[in-house]
Amino acid sequence: MPDSRLRIIIRKPGGYGVFRFDEKPIDDPRQGETQVEVKACGINFADIAVRLGLYAAAKGAYPLCPGLEFAGIVRQTGSKTEGFNPGDRVFGATRFGAYTTSINSPSNQLFKLPTSWDFKRGAAFPVVYLTAYYALYHVGHLKKSDQVLVHSAAGGVGTALLHLLKINNNMSVGVVGRSEKKPSAKEAGAAYVIDKSTEDLWSKAEEISPEGYDLILDANGVSTLKGSYHHLRPAGRLLIYGFASMFSRSGRKNRLKLVRDYLRTPRFNPFDLTGSNKTVSGFNLIYLFEKVDLFRDIMDTIIEWDSEGLIPPMPVTTFAFEDVAKAHRAIESGKSVGKLVLVV
Ligand SMILES: NC(=O)c1ccc[n+]([C@@H]2O[C@H](COP(=O)([O-])OP(=O)(O)OC[C@H]3O[C@@H](n4cnc5c(N)ncnc54)[C@H](OP(=O)(O)O)[C@@H]3O)[C@@H](O)[C@H]2O)c1
């Protein structure tokens, strides 16, 4: 008799009421797969876009179990699976399907959970650190001397970016949208924190670095992109990896705002780019899931740094598995710091 598992399913995109709990038997893991009893799964802002039907990579995939990362205990392995045994504590990343009590994961997307970590830390780890490392080193070509500005600096990816910038000794400026997030960004390693709810973002940014920034990481989109581009110094790089400010914070899709923000989003002119010697890049890790070796290399490096005590703890807020709607509401409110995790 196969074990059963409970999955959170979105049949059709929409508001907080779209989550359904679906209990069905789970198949045995296939060749190269490992079955994991999930103890915790991470919440990412991308999950909000998935719930609302705004995530391009999820188009046509509903009904869909969301979730990009998890941690748990190996229950069994498929044939030709090497490196994992029943009882091993693991964490992993997946292209959807992590909001579940059990998952059959390709074994090469799993990592052994370091002994000092709990499941919450494991579930909160892969997406934000992979994103931060890939952004800084693969897309951003980070140099020791770079002065870096990080938007949404107290969020999941923002905190991970500040952690990695501190390891490299870069001068970083963190921008937050609410005063109560300032200590978190400071704690994560920002040399300066700009609170845009009480300060003028760009005049403060100019005061801190009058000649502009070498690297700016922007996942807000329309609300800050123009200013970010403007505040690059020559040879500066703007990294675009999200569009959070297009979301309405109401839990529903606001079509009018989406269309207006889409039209207002700056388009970058090749003549300006070459004339001012600036680089604009965009990336989305969801399209890199087949690049397992790349992900494993990055993860090995970060886990090594963690074992050397270089990665400070990430603030984590937990929610019960059944409270998935509350967790979505919390990250969508823009008030959360660090990561949010569902505990099974
Ligand atoms: N391209 C990729 O590969 C990739 C991978 C991971 C994440 N991302 C993107 O990176 C960003 C951060 O992801 P995360 O999971 O770590 O989330 P997060 O930063 O923990 O939370 C999102 C933050 O965005 C800011 N924000 C701005 N406008 C908002 C709005 N209208 N509604 C809600 N929040 C708003 C808020 O911070 P402040 O108000 O303090 O700015 C909020 O706390 C997201 O845009 C996500 O889509 C991209």
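Pro63 is found in the loop between helix 1 and strand 4 (69-77). Helices (H or I, at least four residues) and strands (E, at least two) are DSSP runs, numbered from the N terminus. A cis peptide bond, with omega about 0 degrees, joins Tyr62 to Pro63. Residues are numbered from 1 along each chain as its sequence is written. The model is predicted: local features need pLDDT of at least 70, side-chain atom pairs count only at pLDDT 80 or more, and totals for chains, interfaces and linings use all residues.

Most residues other than glycine have a negative phi, and most peptide bonds are trans. His141 is not a glycine, yet its phi is positive, about 45 degrees. This residue is found in the loop between helix 3 (126-139) and strand 8 (147-150). His141 is partly exposed, with 13 other C-beta atoms within 10 Å; a residue is buried if 20 or more other C-beta atoms lie within 10 Å of its own, exposed if 12 or fewer, and partly exposed in between, with C-beta atoms placed from the backbone. Arg249, also not a glycine, has a positive phi of about 65 degrees. Its place is the loop between strand 12 (232-240) and helix 8 (255-264). Arg249 is partly exposed, with 13 other C-beta atoms within 10 Å.

Seven of the eight residues of helix 1 are buried, and the helix is mostly covered. The buried residues are Phe45, Ala46, Asp47, Ala49, Val50, Arg51 and Leu52. Their cover includes strand 1 (4-10), strand 3 (33-43) and helix 11. Just after helix 1, Gly53 takes a positive phi of about 80 degrees.

Two packed helices are described by the angle between their axes and the distance between the axes. Helix 1 (residues 45-52) and helix 11 (residues 324-332) pack at an angle of about 115 degrees, with their axes 10 Å apart; axes are lines fitted to C-alpha atoms, for helices over the stretch in contact, and angles run from 0 to 180 degrees between N-to-C directions. Helix 1 is therefore roughly perpendicular to helix 11, a term for angles of 65 to 115 degrees, whereas those under 35 count as roughly parallel, those over 145 as roughly antiparallel and the rest as oblique. In helix 1, Phe45, Asp47, Ile48 and Arg51 meet His328, Ile331 and Glu332 of helix 11. Two residues are in contact if their C-beta atoms, placed from the backbone, lie within 7 Å. By class, this contact has three nonpolar, one polar and three charged residues. Ala, Val, Leu, Ile, Met, Phe, Trp, Tyr, Cys and Pro count as nonpolar, Asp, Glu, Lys and Arg as charged, and the others, Gly among them, as polar.

Lys339 lies in strand 15 (residues 339-343). With 27 C-beta neighbours inside 10 Å, Lys339 counts as buried. Lys339 and Phe45 are 294 residues apart in sequence but 9.9 Å apart in space, C-alpha to C-alpha. Not counting residues up to four places away in sequence, Lys339 touches Gly42, Ala124, Val128, Gly156, Met314 and Val316.

The ligand remains to be described. It is surrounded by 31 residues, of which the closest are Gly155, Gly156, Gly177, Ala219 and Gly242; a residue is near a molecule if its C-beta atom, placed from the backbone, lies within 6 Å of it. Helix 1, helix 3, helix 4 (156-167) and helix 11 are the elements that give two or more residues to this shell. The shell divides into 14 nonpolar, 14 polar and three charged residues.
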